[in-house]
Amino acid sequence: MEGIFIKILGAFLTAILAFVVGMLYGGLRRKVIARAQNRVGPPIHQNFLDLMKLQAKRTNIAHGFMGHMAPVWIIIAAMTVLMFIPILHGNLWFENLTMKGDLIFLLYMMVFGSLGMALGAGQSGNPNSAMGVSRGLAQLVGFEIPFFLALIALMIQFNTTSIAVLMDHQEATGRWIIVDNPFAFIAALLASLGMFRYAPFDIVGAPAELASGPRSEFGGKYLGTMMTGGAVFAFIKLVMYVDLFLGGAGNNNLEGLAGTALGLVELLVKTFLLYMIPVFIGLVTPRFRTEQAIQFFWKWPTFFGILAIVWALYKNGTIG
Amino acid sequence: MSEIKSIGIPTPEEIKQAQIDFAPRCTSAGRVNDKETQGMVEHILNFARKHSLFVVAYGTGCGAIEIPATMTSRYDAERFGIRGAATPRQADVMLITGYLSTKTLKRVIRVYEQMQDPKYVIAFGSCAINGGMYFDSYNTINALDRYLPVDVYISGCMPRPESVIKGFVKLQELIKNGNAGNGEAYRSDLDWYRKNQQKVIKNWDFPDNYNW
Amino acid sequence: MSKLKKENKVLDKLKSVFNLSGEVKRKQRIAVKSDSKHVSSILLFLKNQQGFIHLNHISCVDWIEENEFELVYIVWNPKTKLTVLVHTRIARENPVMENIDTIWDQANTYEREFREMFGIEFPGLVAPKEFILEDWDDIPPMRKDFNSQAYALENFATRPGREDAQDVREVIQKRSGEELPDFAKKYSRD
Amino acid sequence: MEIIAIILLILLVGSFLTYFVDSFNKKWTGTTAFLIVLITAGIFFTKIKSGYQFNFQLAGLDLQWGLTDYSYYFVYIILGLSVLALLYSIKYMEGKARLGYFYGSFILTVLGMLGVVISQDFVSLFFFWEIMTWASFLLVIYNAYYKIKTKGIKYMIFSAVGAYAMFTAIVFIHVHYDTLLISEAIAKGAFNFEQYIYIPIFLLLGFGIKAAVMPFHVWAPPAYAKSPMSFTTIFSGAMSKMGVFGIGLVFTSFYLSSNPENFFWVRTILGWMGGITAVMGTIYALIQTDAKKLLAYSSVAQLGYIIVGLSTGTQLGVMAALYLAVIHAVFKGALFMVAGAVEKQAGTTDMTQISGLIRKMPYTFVVALVSIIALAGVPPLGGFVGKWLLYEALITESNNYILVVVVFFSSTAAFMYSYRFLFGLFLGQEEKETEHVKEAPATMIIPMIILAIIATVAGAYPGLIFEPAAKAMQAIGFQDVTWQMSSLTNVWGDTTDLFLIAMLIFAVFIISFVFLTLKGLKKTRYVGTKDISTSGELPKEWENLTFQLDFFKPFERAAAPLYKMDMNKIWKDLGKNLEAFFGFFRKIYTGNGQTYALYIVIFLVVLLLFRDVLFS
């Protein structure tokens, strides 16, 4: 009974943490971009204000049932994936359902939200939305390939498909996977650029040409809920990468609250540094067309992905 | 050939009639959160609204060129939480950046009605205030607030980015006091607005039910 | 006049074929005046025989005193760099002019504009009725007998505070002390 | 009389009975057919258990009919789907011509499929296989009754080639092993690739053509799209599984040996053929504008997954194949029914013609949504389980890392056509042309909903399908097949708890849905699809706001090299070349007696010259 209580409370804590950190990172990104452009920029908590304002809109519009449901899919996907990703390694509160789902499941669950939102956007009847969805899905096929290659490389190198076991391995050996298989990290990192949909891969919701694409008919509470889901998703992706390649967080010997706090700080530092990579790349790059984006993903990231598999097989002793 | 009408300086009667026509339509009585009545929650929400203004810039006239300057590095409107929105559904503030031809007015009305409450309108320049140099043009409306409730006017021809930001700050002040956002007033006074709009837009083909 | 040899040659050629008056305005510029009936023939002749393959512009002027519209077709020969202006006048009442968008496609745009702004009909012009204006139900606004200010005052109520809005002509007159010309007086507010 | 013979007799008599009922009263044809198959299914599932056998002699041949767990597994698909499809047909086929012809052939097809799975000897297998093929051919040309030459020709040619291949194999088995019983042939190692390699190759060819494996898939998309939708449900859902059934049988001796080195090259080639089938089917599905064609190409792709699963030969892989066989029958059956319902109600399934049916056909849309999520393999519905098993089999057990990427590419690209199907028919602008459309009748909705419920339940409790599948696997040579009710485990011990996932998704769904609905409930308005932000412009009646044509043009441009390979063209070229080739041989027969005399002389000379080589 107590275990269930801790689980539920832990789930809430995780959700709140993901929400707050995700929103703050979003604000931070805006701030960083502003500073890079020699501006003052909005305050870091700007995204909270935006969200509050959107939720406080007095009237709302929905184009039917799927339109109404669109943010629900995103929240479902975000919360489900969050529950299956280890936030802190071996921490009672932030463990959630880590051992109950593996990487293949996470891979599929992560597209759940996009697909649901695509359906909602489709019902609005706005041609811009449909166009954005068409581009988004095409781009998805682009970046999923190198990402999947990187994941396979990890799976066959460490003989597991579970993200928690990968973390255990990193703690046991004291070596991050980025050292063990650097090519997988490169492939996954390049894929993550597409996943974050920042420039140069932001054609899906390009405001100037598609009127923000799939989101163009959503306002008020719908847009606000989508923003929440998006923020949680940003956090999820970062934590996933940290868990997979950067050793995860919370591998300290401290007991109790101090250990958790130290782990969280470690997590924040790692995710922040990782987050800055797509942000800075987005800062200095223009925009790819969809086919260019796909072809990019099928070129270098896929090459690195295959290299990662070869490396994994070599390390594994299967070849060489 | 139609008769050439003689027109001169308006008579005092005409001015009186015009003053009746231009009586402020959107008073604080129509608003939902006045400063006196607003509670704690509404106060906090107003704080959020004030600092998060998503702008749909309806780039009419010459003011459209001031918007990029306002938004980008030099004047950086984003530090006030002002940010461009791609569609009216996501937007809070509509900017009318200059003269409005009757053809554009129709679209502007539609955009305004597609925005979600609370929604604000900022009008730029003398053209939007009283017609400006287009006061005698056959296709440019003279006073925007006969057709849409306007929250803030920014005078000038055109207002420079500093003035634009001043206008935004004024709007923030109004929002904080609960004096901005006339969507409800527009709805309650719809007959009067519709009458004026239909006088200008001859071929009225909007849907019967009010879409907002 | 040896300098304007090219120009005169074209003008002579035109005069020999058509019944028109014209002159060489200056270097590379020839102006001819013709009856409205012959304009399309002249243009076709210029295009096919003389190499004036480009239609620069068509303009329309409302000569209200003479109760006529003047249309000017400006065509250009890219080889000889000559420009020919074909002037023609049509009656102001029920103005009809021949459609030339079969000769140059871009004439279509100008003709739509004239139809809308001056009320000149071009039989056989295939284009949507509305071009720049929307739902216009008054007399065409570019005609000089259309009083824009009166229309504006009637349709778009003037905000109080614009009482000082003055006629530019009167202000100029007052400042300079010059007498207004007759044609301007006709449209003066008094 | 044996019960199995009675069942087949009921179907045979029922087939003719339906045909005659149609001549008396057209209204009762569909119902009669439905009742006949329902009764058959009832008798079958109550009276016949797995392990049943019936031996008899006919014309001096030892024939054996019976059911192993493996064939029983396929009976579930055949009879279950047939009953639902016939219930659906009653209203779907209403008002169409030649109903007796349709239902008669339909029941005959069911008879053929049932016969194929109960046959335990090659003679009856071939016999029933032909009944199934020809009866289904009659249905393929149903819509093109007067244009048989052009429409059904591809299906006929490929089926004939498959049948010849199979017949050759059967003859060789009889020659080399002196048996006609399948179990004996397996026991004697007739399907082994070591000895007489052409026997299994010919058999695989025969079965592979029915399963629409890569180079032989060209018949499938037009045949699926052209036949009436209620039959395509069976055609794609059950009949293509007969090919899978056969391939499983051929591989049985490999499964029995449980040595991964066995048949390595054959399996690799077959696996790659399956993988390429999946990719080609998928990328051609996503450029279709007709929903039926889209589903047809998608069927080809899905069968590719099943072939990949079978060819791995590992426990998870074969489990994936068997699971996918059922779940594909379920969701693709439902989707073809959806397409049929749309075709019946709106008159067409061309996605450039219709859109925005969601408000008019809500139940159909829900079924389509559930089935599409299952097809895309997104949790928590049944399709995900199949995908999971397949990937884990390829990664953890068969170590085929490149093939898994190919399969993954195909299944990611499947998101695109899944979305396209839903968007094209149900979402998007509500145009005036579709205003008259109404929801389909209840007897069409009910079978769809049943299938959708199966797809949903299979997501949380895949064990319901694993149980018979595990038994079936044991029947074809696997030992100790493990499975759990609602969780998946691979050989490395990593689990995915599906029940937990389903519950979590359900809980989050309820919470967020209630929050989103209740918040500002009164101030939330539902508007039509014309009320969209089009830069302030009021959309006119005649304005086209539907984005349907060239939907995935960017992807097409990016993947242009893939589209250059067109199997249809290759076959056509082959046909032309063959014609030219045989044309050359025809020239030998000049009709001149002297030429023939010369030939004889040349022949004799050759014999003389090479006699040492030839007769030594």
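The predictor assigns the complex an ipTM of 0.83 and a pTM of 0.87. For chain D the mean pLDDT is 85, and 98% of the residues score at least 70. Within this chain, confidence reaches its highest value in helix α16 (residues 362-376) of chain D, at 91. The lowest value in chain D falls in helix α6 (residues 148-151), with a mean of 62. Where pLDDT is low, predicted coordinates should not be read in detail.

Four pairs of chains touch, and of these the pair formed by chains A and D has the most contacts. Two pairs that do not touch involve chain C. Between chain A and chain C there is no contact, and the nearest C-alpha atoms of the two chains are 25 Å apart. Chain C and chain D likewise share no contact, their closest C-alpha atoms lying 13 Å apart.

The contact between chains D and A takes 61 residues from chain D and 65 residues from chain A. On the side of chain D that touches chain A, at least two residues each come from α17, α18 (401-425), β4 (495-497), α21 (498-518), β5 (524-526) and α22 (553-558) of chain D. Of these, α18(D) gives the most, contributing 12 residues. By class, this side of chain D consists of 39 nonpolar, 13 polar and nine charged residues. Strand pairing also links the two chains: strand β1 (residues 60-62) of chain A and β5(D) pair in the parallel sense, over three bridges. In this pairing Ile61(A) stands opposite Arg525(D).

Chain D also touches chain B. Seven residues of chain D and 11 residues of chain B take part in that contact. The side of chain D that touches chain B has two nonpolar, three polar and two charged residues.

The domain assignment of chain D gives domain 1 (262-534) and domain 2 (566-615). Taken over C-alpha atoms, the centres of the two domains of chain D are separated by 52 Å. Helix α17 (residues 382-397) of chain D has 16 residues, which at 1.5 Å a residue should span 22 Å; the C-alpha atoms at its ends are 22 Å apart, in agreement with that value. Helix α17(D) is mostly covered, with 14 of its 16 residues buried. Asn399(D) follows α17(D) and has a positive phi, near 55 degrees.

In chain A, Val242(A) is located in helix α10 (residues 220-245). Val242(A) is buried because 24 other C-beta atoms lie within 10 Å, against a cut-off of 20 or more. When neighbours within four places in sequence are left aside, the contacts of Val242(A) are Gly248(A), Ala249(A), Leu267(A), Lys270(A), Thr271(A) and Leu274(A). Gln170(A) is 72 residues from Val242(A) in sequence, and the C-alpha atoms of the two residues are 11 Å apart in space.

In chain B, strand β3 (residues 93-96) pairs with two other strands of the chain. With strand β1 (residues 53-58) of chain B, β3(B) pairs in the parallel sense over four bridges, and Ala57(B) stands opposite Leu95(B). With strand β4 (residues 120-124) of chain B, β3(B) again pairs in the parallel sense over four bridges; here Met94(B) stands opposite Val121(B). In a regular strand the side chains alternate between the two faces of the sheet. In β3(B), Val93(B) and Leu95(B) point one way, while Met94(B) and Ile96(B) point the other way. All four of these residues are buried.

Chain C contains six helices and five strands. From the N terminus on, the order of its elements is α-β-β-α-β-β-β-α-α-α-α. Of the 190 residues in chain C, 22% are buried. Among the contacts in chain C with a separation of 6 or more, 47% are between residues 24 or more positions apart.

Note on methods: Residues numbered from 1 in each chain as written. Chains lettered and ligands numbered in written order. Predicted model: local features only at pLDDT ≥ 70, side-chain atom pairs only at ≥ 80, totals over all residues. Buried ≥ 20, exposed ≤ 12 C-beta atoms within 10 Å, placed from the backbone. Expected span 1.5 Å × (residues − 1). Nonpolar A, V, L, I, M, F, W, Y, C, P; charged D, E, K, R; others polar. Domains from an automatic or database assignment. Pairing = 2+ DSSP bridges. pLDDT = per-residue confidence, 0-100.
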